[in-house]
Amino acid sequence: AYMQTLEERREKLPVYDGELYLEFHRGTLTQMHNIKKNNRLAETALKTMELMNVLSNEEVNARHDDLYKVLLKNQFHDILPGSSIAEVYEVTKAEYEALSDEVKAEINQRLAALAGTGEAVTVFNTLGFDRDDVVRLGDVKASALRDADGTVYPVQQTENGAVAYVKGIPSKGFKALELAQAEAASPFVRSDDYHLETPFYSIALDETGAFTSIFDKCNDREVLKPGQVARIRCYEDKPIYYDNWDIDMYYTEKSWAVDDLKSIRWIADGAVETVLELTFDCCGSEILQKIHFYADSRRIDFETRVDWKLHQHLLKAEFPVDIHADEATFEVQFGNVKRKTHTNTSWDKARFESCAQKWMDFSEGHYGVSLLNDCKYGHSINDGTIGLTLIKCGVEPNPNADVEVHNFTYALYPHCGTWK
């Protein structure tokens, strides 16, 4: 009856245009890492499975509906928000493992049939646009790959397998590459453990592992604010109510830098990438980061493993970027939204933690910086510092939420122009 009454009065009612931001339950964007990551992986895998079936001329079957129902059921609140009791996540973990095994098996079956036999490497692109990107090749032993046009791509051997940078992979298609032999020198130069020259950046770190400079050589400008550093930061997180749901505004009043650097070493250097490994101690929790710098990509990847042992603390990656703009852009379900970066009004002030899907961007017209992620949703921007919330570990109703090993990757992507 209420909806019918609204429909009768439609022409007389005002229309709200813009985002309906809930000034509440901001912690649900991050709480319970595993459910967030499994959700993202399942979304991607199911989409890839559908594409592989289309490319293979295979019909979608009823079993695929069952797999989607597992994903959709676990997007219910309070499951995906991370605010359920512990036993729920024992069930979802088993469900996602079974889903992953089944979907991967079907994808690999389709890939093998499409690629055929032989020693060539076939690279598939599941995205909706042509792509140049880093490709992890597993145990491929060649020193190079060659495409049909004769372009040669160096292959670098690392402790985690071979890696190459391949260009021109067609949208929702594939590119076949022959194994080849070619020598390629590393374009990276290090004067010591704390300074690196890449084709795109001059990088400087201090003795605590923080970035003191990311100088963009292509655009002749410093990415970071003068006198400030990019690093991980830990905050005390004790909301008044709804521990696993909320982050209260005052959480910023007690924090400390993650600066207890236990080790620093360069674990890869070649024609495709160089990788810096940093190990930190954070109040008894170990944080290990492998930071990937690429020869042909402007992206800087932070591959991260955290053995987390704290309760009621918040972990954030923060980049104080030298950008001046009053709006930032956040990816949402069907596009993106702009949000103010200042605290002029009570509405702006309340938006201290906001949702984004795979990326957020902060640009000032001719230059900008994007922050990308593989399974995180809580973002912040304040006084030019863009942040990604990595861990939130409330204690109610799940007393040991997120006290476990976390694996995730986020990336910094400075660029010309805006995100567009």
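Is Thr 48 buried or exposed, and at what relative accessibility? I looked this up before anything else. Thr 48 has 13% relative accessibility, so the residue counts as buried (buried means under 20% relative accessible area, exposed over 50%, partly exposed in between, with a 1.4 Å probe and protein chains only).

I noted what kind of model this is. It is a predicted model, in which local features need pLDDT of at least 70 and side-chain atom pairs count only at pLDDT 80 or more, while totals for chains, interfaces and linings use all residues. Residues are numbered from 1 along each chain as its sequence is written, and side-chain values use heavy atoms, with hydrogens and water left out.

**Entry: Thr 48**

I placed Thr 48 in helix 2, residues 33–55 (helices are DSSP runs of H or I with at least four residues, strands are runs of E with at least two, and both are numbered from the N terminus). Leaving out residues up to four places away in sequence, I found Thr 48 touching Ile 107 and Thr 126 (contact means heavy atoms within 4.5 Å).

**Entry: the chain as a whole**

I found five helices and 26 strands in the chain. The radius of gyration is 23 Å, close to the 22 Å that the globule rule gives for 420 residues, so the chain is as compact as a globular protein of that length (the radius is taken over C-alpha atoms, and the rule is 2.2 Å times the number of residues to the power 0.38). Along the principal axes, the C-alpha atoms fill a box of roughly 70 × 60 × 45 Å. Buried residues are 50% of the 420. I also looked at contacts between residues at least 6 apart in sequence: 65% of them join residues at least 24 apart.

**Entry: helix 3 and helix 4**

I looked up how helix 3 (residues 62–73) meets helix 4 (residues 86–115). Their axes come within 11 Å and cross at roughly 145° (axes are lines fitted to C-alpha atoms, for helices over the stretch in contact, and angles run from 0 to 180 degrees between N-to-C directions). Among the residues making the contact are Leu 67 and Val 70 of helix 3, and Leu 99 and Val 103 of helix 4. By class, the contact has six nonpolar, one polar and five charged residues (Ala, Val, Leu, Ile, Met, Phe, Trp, Tyr, Cys and Pro count as nonpolar, Asp, Glu, Lys and Arg as charged, and the others, Gly among them, as polar).

**Entry: backbone exceptions**

Most residues other than glycine have a negative phi, and most peptide bonds are trans. I listed some cases that depart from this.

- The bond from His 77 to Asp 78 is cis, with omega near 15°; Asp 78 sits in the loop between helix 3 and helix 4.
- The bond from Glu 396 to Pro 397 is cis, with omega near 10°; Pro 397 is in the loop between strand 25 (385–392) and strand 26 (405–416).
- Met 32 is not a glycine, yet its phi is positive, about 65°. Met 32 is in the loop between helix 1 (2–8) and helix 2, and at 6% relative accessibility it counts as buried.
- Tyr 242 has a positive phi near 50°. Tyr 242 lies in the loop between strand 12 and strand 13, and at 45% relative accessibility it counts as partly exposed.

**Entry: Thr 252**

I found Thr 252 in the loop between strand 12 (231–236) and strand 13 (255–257). Thr 252 counts as partly exposed because its relative accessibility is 45%. Asp 237 is 15 residues from Thr 252 along the chain, and their C-alpha atoms are separated by 8.6 Å.
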